[in-house]
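Here are my notes for you to read beside the model. Take the points in order and find each residue as you go.

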Amino acid sequence: APGFYISTTTLVDKTKSVTDPLRYVDSESIPYIVLPGNQTFGAKLSDLCIVYNVAKQKMCGGVFADTGPRNKIGEASIAMANGVGVIGNPKNGGQDSGLVYIVFPGSSVGWPLTADAIQQNAITAFNKWGGLDRLNSVIS
C-alpha cells in the first residue's frame, strides 16, 4: 500500500513475493511473540505458544513469528497484546511484568494459519502440556 510502512517478520509466507505485504505476519490480526535471535529455547518459527496475563487471568494463543535483539524478551504483536488485555499500541502500550510465555517446541502445524486456527491449535497444545493446573503450579 503506497505510503504505508510494512514491518517485516522472520516468519513469512514463502508463496508470496518479498515485496508483497501479505508475505509477512500481520501484527494487528495475528497473535505472535518475538524471541531473542540468539535464544529461542528450542522453538522454531511457527511453533505455537500461549501468553498469560497473571493479574487479569487472560490467555491468548499465538505463534513464534519473529526474532528480536539478543537478551531481550517480551515483545509481541498488537493482536497478542490485545488478546491478553495489554494496551497494544506500539508507541505507548505494553507491560513490564506479569506476563508468562509458554512456548511449545515442535508444535508447528504449518504456516500460514488464521487467527482462529492459531487459537484452536495453541489451546490444544496448552491442554496437552497440562493446562491451567500446570500453569498455576509453575507461577505459584
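1. Let's start at isoleucine 30, which sits in the segment before β1. (Helices, H or I with at least four residues, and strands, E with at least two, are DSSP runs numbered from the N terminus.) Is isoleucine 30 buried or exposed? Isoleucine 30 is buried, at a relative accessible area of 10%. (Buried means under 20% relative accessible area, exposed means over 50%, and partly exposed is in between, using a 1.4 Å probe and protein chains only.)

2. A quick word on ground rules before you go on. This is a predicted model, in which local features need pLDDT of at least 70 and side-chain atom pairs count only at pLDDT 80 or more, while totals for chains, interfaces and linings use all residues. Numbering runs from 1 along each chain as its sequence is written, and side-chain values use heavy atoms, with hydrogens and water left out.

3. Now look around isoleucine 30. Leaving out residues up to four places away in sequence, isoleucine 30 touches Val25, Ser77, Ala79, Trp111, Leu113, Thr114, Ala115 and Ile118. (Contact means heavy atoms within 4.5 Å.) Take serine 77: along the sequence, isoleucine 30 and serine 77 are 47 residues apart, yet C-alpha to C-alpha they are 7.2 Å apart in space.

4. The peptide bond from tryptophan 111 to proline 112 is cis, with omega near 10°. You'll find proline 112 in the loop between β4 and α2.

5. Next, the inside. The largest nonpolar core has 20 residues, and Tyr32, Val63, Ile102 and Phe104 touch the most other members. (A nonpolar core is a set of buried Ala, Val, Leu, Ile, Met, Phe, Trp, Tyr and Cys residues joined through side-chain atoms within 4.5 Å.) Which elements give two or more residues to this core? They are β1 (32-36), β2 (48-53), β3 (58-68), β4 (99-104) and α2 (115-129). The most comes from α2, with 5 residues. There's also a second, separate core of 11 residues, including Cys60, Met80, Ala81 and Val84.

6. Click on tyrosine 32 next. Not counting residues up to four places away in sequence, its contacts include Val25, Val63, Ala65, Ala76, Ser77 and Met80.

7. What about disulfides? A search of the whole structure turns up 0 of them.

8. Finally, two loops. Glutamine 57 has phi near 50°, a positive value in a residue other than glycine. Glutamine 57 belongs to the loop between β2 and β3 and counts as exposed at 62% relative accessibility. Asparagine 71, in the loop between β3 and α1 (78-83), has a positive phi of about 60° although it is not a glycine. At 66% relative accessibility, asparagine 71 counts as exposed.

Note on methods
Disulfide = S-S within 2.5 Å.
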